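Here is a briefing for a first look at this structure.

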Amino acid sequence: MRDRLIGHVRRVVGPVVEMDGVADAQMLELVYVGADRLVGEVVRLYGEEATIQVYEDTTGLRPGAAVYGSGEPLSVELGPGLVGGIYDGVQRPLDELRRLTGDFVTKGVDAPALDREKRWTFRPSLTAPCDVRGGAVLGVVQETAFLEHRILAPPGVSGRVTEIRPEGEYTVDDVVATVETASGRQEIRLHQKWPVRQGRPYAERLPQTMPLITGQRVLDTLFPVARGGAVVVPGGFGTGKTMVQQALAKWCDADIVVYIGCGERGNEMTGVLTDFPKLVDPRTGRSLMERTILIANTSNMPVAAREASIYTGITIAEYFRDMGYDVAVMADSTSRWAEALRELSGRMEEMPAEEGFPAYLATRLAEFYERAGMVRTLSGQEASITTIGAVSPPGGDFSEPVTQHTKRFIRTFWALDRQLANARHYPAVSWMESYSEYVDDVAGWWGEKTNGEWRELRTGIMSVMQREARLEQVVKLVGADVLPDSQRLVLEAAELFKNAFLQQNAYDAIDAYCGVEKQYLMLKIIVTYYTRGGEAIRRGATLASLRKMKVMRDVMQMKFECGNEDVARLESILTRLEKSIDELANVFARRRSDVTA
């Protein structure tokens with residue numbers, strides 16, 4: 001099909017190529033342009049003319065060059081060998097391309113996404129003859145030590161399995177099952193293809209009631225995201241977007257992580273590519289790459305491939321979701337993807353909307369984020385895709401179009417604050433600008449884990465932070481010394497919460513990841529200090545005396561000294577804190593009564 005001539009190049013405008021003499025071309029068809037067979041996609045048809053966006057460098061391409069059609073849309077290969085892979089925006093394996101061309105990818109080079117020579121041990125899950133529907137599990141391949149790759153009947157393929165191969169070693173091209181369908185005989189191999197711009201089907205959407213645990217206290221406790229939810233992480237240059245996403249990729253409790261480096265700087269993506277293989281998965285003790293797939297499309301790569309990269313990533317995520325796994329997709333960043341849309345739209349001479357972005361920007365964002373969700377798969381399993389997209393608004397202006405449009409399609413907003421980043425407070429998530437609409441959805445799950453106290457504790461500390469923000473305006477005018485101890489306690493508790501809870505050291509072996517029970521007990525200790533301390537002050541105690549309690553040293557250091565398994569130690573700190581405050585309050589109450597007498 002690659003030799004089917006469908007037209008000739010008429011004009012070249014950067015990555016956009018106009019073609020005339022069109023014969024038998026289809027919208028969104030994958031095409032090959034010129035003698036170098038540059039990969040492209042038909043994005044516009046009018047009469048005998050068409051417009052193609054090319055995913056490679058078009059330097060040297062001339063009018064008159066032949067264009068060949070493939071007869072199929074831009075698709076990805078899905079099968080064993082994806083996990084641990086590093087691909088570009090159109091799923092070309094970068095390790096293989098480097099082997100073929102060296103450190104710089106040359107034009108027209110291509111390689112299959114999945115290794116055609118490697119043999120995988122296939123174990124059938126069914127016995128022929130039997131009836132199957134699309135999405136049914138036909139067999140399994142042990143792809144990594146902890147990941148079972150389930151071989152699925154492709155969506156839309158339903159019928160009677162007449163033959164299924166016995167357990168043995170097969171390549172991804174080998175036929176492992178034969179299904180007689182209403183339209184004829186269908187051969188099923190270890191791999192399948194799927195168009196990237198078309199979402200894979202599922203049986204039904206399910207309520208999102210279970211949080212995605214990230215191990216980052218500010219996110220899990222204050223602004224949780226449910227499994228199957230959608231999040232945006234906006235922040236200006238240097239506020240730590242990539243740091244947050246890399247921390248989530250390492251620590252979140254998803255089964256599979258798809259990390260899309262969309263238009264990021266080469267040095268940042270290089271850091272990901274070199275660091276991830278060295279990182280150890282805290283759940284398995286093995287390499288993090290054994291549950292990670294990387295899509296690397298840096299800012300110096302062709303801009304059109306950047307536009308396709310997020311669809312490549314989300315399609316791979318849907319494939320693993322269909323197996324019954326929980327998948328987390330990190331898109332860093334959708335701003336660079338939107339800039340690619342803007343450049344391509346401008347070259348196609350489309351009418352621009354606000355700030356030059358195309359009028360369909362909101363539609364494209366919606367198409368991407370709506371592919372997240374908690375679903376029941378075609379095989380009856382519960383699985384999810386959680387999408388976390390970073391946005392890089394110019395100058396940190398959250399009113400720009402990409403941020404504003406994205407907020408319409410997500411329910412969690414993790415705003416990064418430059419002042420926090422400059423103060424080396426990481427994660428630099430603003431507790432005043434951020435929000436989560438999943439709090440009610442996950443409150444039941446958190447309640448079961450925290451004796452029903454999570455909602456009350458979270459509300460209490462958020463109230464403290466809001467009161468502190470109002471008092472800060474007064475402090476700037478007259479100073480903190482003129483405030484009564486009851487109000488200074490608000491400032492004290494807020495500062496304790498910021499330093500001992502919200503701030504988290506990604507390089508500390510204990511503090512890098514915080515489990516659910518540890519988060520709960522730490523939060524309870526800080527809220528107890530505020531509530532019991534307030535009662536003590538009303539009984540005559542001073543803020544200075546509260547600060548001098550010996551237990552406060554342990555409270556300040558608990559995040560570094562108490563591991564996730566040290567529940568008894570945290571409970572001991574809580575007990576000693578309550579006892580110390582009560583004793584202090586009694587001492588001052590007696591003094592007050594003695595003075596009164």
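Trp445 and Trp446 are both buried, where buried means under 20% relative accessible area, exposed over 50% and partly exposed in between, with a 1.4 Å probe and protein chains only. This is a predicted model: local features need pLDDT of at least 70, side-chain atom pairs count only at pLDDT 80 or more, and totals for chains, interfaces and linings use all residues. Residues are numbered from 1 along each chain as its sequence is written, and side-chain values use heavy atoms, leaving out hydrogens and water.

**Aromatic pairs**

- The structure holds 10 aromatic pairs. Rings of Phe, Tyr and Trp (its six-membered ring) pair if their centres lie within 6.5 Å; planes under 30 degrees apart count as stacked, over 60 as edge-to-face and the rest as tilted.
- One of them joins Phe122 and Tyr170 edge-to-face, with 6.1 Å centre to centre and 75 degrees between the planes.
- This pair links distant parts of the chain: Phe122 lies in strand β9 (residues 120-124) and Tyr170 in strand β14 (residues 168-170), 48 residues apart. Helices (H or I, at least four residues) and strands (E, at least two) are DSSP runs, numbered from the N terminus.
- Phe122 is buried, at a relative accessible area of 0%. Tyr170 counts as buried because its relative accessibility is 6%.
- Trp445 and Trp446 also form an edge-to-face pair, 5.6 Å centre to centre with 85 degrees between the planes.
- Phe398, Phe413 and Tyr435 are linked into a cluster by ring pairs.

**Charges over rings**

- Lys407 has its charged end over the ring of Phe413, 4.8 Å from the centre. The cut-offs are NZ of Lys or CZ of Arg within 6 Å of the ring centre and within 35 degrees of the ring normal.
- Arg37 lies over the face of Tyr68, 4.3 Å from the ring centre.

**A hairpin**

- Strands β15 (residues 175-181) and β16 (residues 184-189) pair in the antiparallel sense over six bridges. Two strands pair if DSSP finds at least two bridges between them.
- β15 and β16 form a hairpin with two residues between them. Thr181 stands opposite Gly184 in β16.

**Helix α13**

- Helix α13 (residues 516-538) contains Glu535. Of the 23 residues of α13, 18 are buried.
- Glu535 is partly exposed, because its relative accessible area is 41%.
- Glu535 and Asp582 are 47 residues apart in sequence and 9.1 Å apart in space, C-alpha to C-alpha.
- Gly540 follows α13, with a positive phi near 115 degrees.
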